[in-house]
Each structure stands twice: as C-alpha cells, then as structure tokens.
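User: Could you take me through this structure? I would like to start with a single residue.

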Amino acid sequence: FHTGSTTAGNSGQMRVFTGTSMQGKGGMIDIYVGSGDSSTGGDISLSAGLTTFEDGASGGSISLSSGYSSVSSSGDISLVTMNSAVSNGVSGKVYLSTGFA
C-alpha cells in the first residue's frame, strides 16, 4: 500500500478497517512479517510523519488504544518481547523514551 506525494496540499490517506458486528465479535486485523532462516526475522516499523512547516506545527502522532466496552472491561494492550531459544541468549529489550525539548 502506498499513498502518493504532493507538492501542494495534503498527501494521501490510508485506512484499514473491519465492519461492525451486531450479534458477534468485531473483526480482526493482523499484520505478519516473514521469518528468516539465515539472518534476522523481518521488522515492523511504525512512524508518524514529520513536518518542515515553520509556524509551530507538530510532527504526526501515533495513538494506540484498546477497545471500549459499555457493559464490561476495556481491552488489553500487550507489549511483549519473545524468549531466547538459547541458554546464553537474552530476551529482546523494550525501549520507551521521549525526545529532547
């Protein structure tokens, strides 16, 4: 998937969504990256847009929200690194940081 570039105005928009269910579970969106057998597995990179506008405009945001329930608990958000398959290996790290002001 790709949206085009522009020299004037807004660039394209992309949405992926599933429909609403009236008497069942809502849809699911999965994104999978292939495995590697002679190097590292594939990566997923999620980046918001930058701006070069000089009038105090902010860069794009990334929002991650769990589902809402009007009759029960909201959904979970899980951030997990996998186990190492070798005894001298380590599990992946989780980095959480903000930029400099």
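User: Is I62 buried or exposed?
Analyst: I62 is exposed, because its relative accessible area is 53%; buried means under 20%, exposed over 50%, and partly exposed in between, with a 1.4 Å probe and protein chains only. This is a predicted model, in which local features need pLDDT of at least 70, side-chain atom pairs count only at pLDDT 80 or more, and totals for chains, interfaces and linings use all residues. Residues are numbered from 1 along each chain as its sequence is written, and side-chain values use heavy atoms, without hydrogens and water.

User: Which residues is I62 in contact with, leaving aside neighbours within four places in sequence?
Analyst: I62 is in contact with L46, S47 and A48, where contact means heavy atoms within 4.5 Å.

User: And how far is I62 from K25?
Analyst: Their C-alpha atoms are separated by 26 Å, and the two residues lie 37 residues apart along the chain.

User: New topic: why does M14 count as partly exposed?
Analyst: M14 counts as partly exposed because its relative accessibility is 45%.
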